[in-house]
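I opened the notebook to record a few charged residues. Here is what I looked up.

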Amino acid sequence: MLFRLVGVLLARLNSPLAYPWRCLSGGSFRALAQRLIRVRGLAGDILRINLAPGLPVRVQMETTDHCNLKCIMCTREVLPGMNSSSISIETFREVVEQTEPFYVTMNGLGEPLLDKTIFDKLELLHAKGIMSSMPTNGTYIRREKLDRLAQNLPDILQLSIDGATKGSFEGIRKMGDFTKIVESYRAIARRRADGQSRAGTSIRILCALQKKNLFDFREMFTLFKSLPDVTFSLVPVFQYDADGVHFKDVVPDRADVIRLRTEIDEAIATAKTQDEKDFYSAWRNAADGWMDAGRGAKPKAHCGSCTIPWYSTYIDAKGRVYPCCYLTETDHVMGNIHERPFEQVWRGERYRDFRRRLVRDRANLAGCKTCPRNDDRLLKTLGRLRPAL
């Protein structure tokens with residue numbers, strides 16, 4: 001109870017310690033001590049470039065690949081075998097018990113509320129003191145699922161809103177009903193704001209910024225402010241495939257971004273509050289990442305460091321294990337949990353070879369070479385802490 005109260009207090013104060021506290025506390029002093037020891041070991045594994053590190057502290061699992069929408073920027077639209085598989089509660093429990101992660105995020109290319117055992121999985125994580133997160137497209141937050149979601153709210157519930165008008169939203173999230181989905185989001189946000197849901201949780205809007213919603217910044221600010229006690233995240237859509245073929249029409253071109261800058265500067269000048277100005281500035285800054293890459297251009301190669309395969313893993317609904325969720329269009333399958341225990345996959349030759357190649361030859365790794373992630377600053381920080389590790 002004490003650990004839960006501390007977590008709730010930190011969240012209400014918007015403290016930067018809220019997220020790491022939820023990950024590390026685990027509900028008891030014993031869990032906190034054990035997790036701190038694992039963090040120390042993890043840091044050492046990263047610095048030594050241990051190719052068979054300790055088990056991941058974060059697990060991302062696609063509990064189902066079923067989805068009712070056809071979003072234009074989603075890779076499921078170009079992948080075979082969708083709408084075919086779900087992870088059973090038994091398999092989910094086995095992975096959790098084998099890895100004992102600090103944090104489990106239940107997302108992938110499916111809609112989690114189409115997983116018939118999603119609430120059983122959330123209950124399992126809550127009982128074990130494991131931080132949880134989950135996205136939803138909002139379609140099924142209604143009737144009994146609204147009640148069960150409120151009772152079993154993940155630590156972070158992510159609401160996908162990729163358009164702030166009916167036209168832009170439904171042009172991106174094909175087969176989605178903007179009016180009904182926004183009302184569902186209001187319902188769960190109200191439940192939480194009124195204290196009628198699992199305590200110590202947060203709700204976050206996630207918007208995938210792209211060509212069709214690029215100029216929605218005013219409407220999105222209004223929509224965001226109309227939902228009680230939520231936060232907002234904006235993620236620009238980028239091309240991850242080396243040939244720049246998939247979703248090339250989703251990414252804005254340079255002319256789009258230049259026009260956006262002009263409109264946002266005008267909006268900032270007339271904004272009534274600092275919050276509104278900050279929101280528009282963040283929107284402009286996010287779009288600026290496209291200035292050097294025209295629409296349809298091949299993605300640039302990135303050669304910074306990436307530490308994800310040392311502490312996190314991604315398991316899809318078919319049981320296939322990938323180093324991260326951005327590699328589902330590649331051949332970087334490390335193994336399958338239906339064929340081998342996860343620990344054997346994690347420390348197996350394919351995973352070790354992938355980590356080796358990531359360190360030595362990222363520029364030639366499909367998926368990785370065009371990903372903008374760069375952990376160089378993290379590695380420098382760990383390097384300064386090396387004597388303590």
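I looked up Asp256 and found it buried, at a relative accessible area of 11%. Buried means under 20% relative accessible area, exposed over 50%, and partly exposed in between (1.4 Å probe, protein chains only). Asp256 sits in helix α10 (residues 254-270); helices are DSSP runs of H or I, at least four residues, numbered from the N terminus. Beyond its neighbours within four places in sequence, Asp256 is in contact (heavy atoms within 4.5 Å) with Lys211, Leu214 and Phe215. Asp256 and Leu214 are 42 residues apart along the chain, and their C-alpha atoms are separated by 8.2 Å.

I noted that this is a predicted model, where local features need pLDDT of at least 70, side-chain atom pairs count only at pLDDT 80 or more, and totals for chains, interfaces and linings use all residues. Residues are numbered from 1 along each chain as its sequence is written, and side-chain values use heavy atoms, with hydrogens and water left out.

Next I looked up salt bridges (a side-chain nitrogen of Lys or Arg within 4 Å of a carboxyl oxygen of Asp or Glu). The count is 20.

I checked Arg48 and Asp45, which form a salt bridge at 3.1 Å, N to O. Both lie in helix α3 (residues 29-48), three residues apart, about one turn of the helix. Arg48 is exposed at 54%, whereas Asp45 is buried at 9%.

I then checked Asp316 and Arg320, whose side chains meet in a salt bridge at 2.7 Å, N to O. Asp316 is buried, with a relative accessible area of 4%, and Arg320 is partly exposed at 27%.

Technical notes
Helix = DSSP H or I, 4+ residues; strand = E, 2+ residues; numbered from the N terminus.
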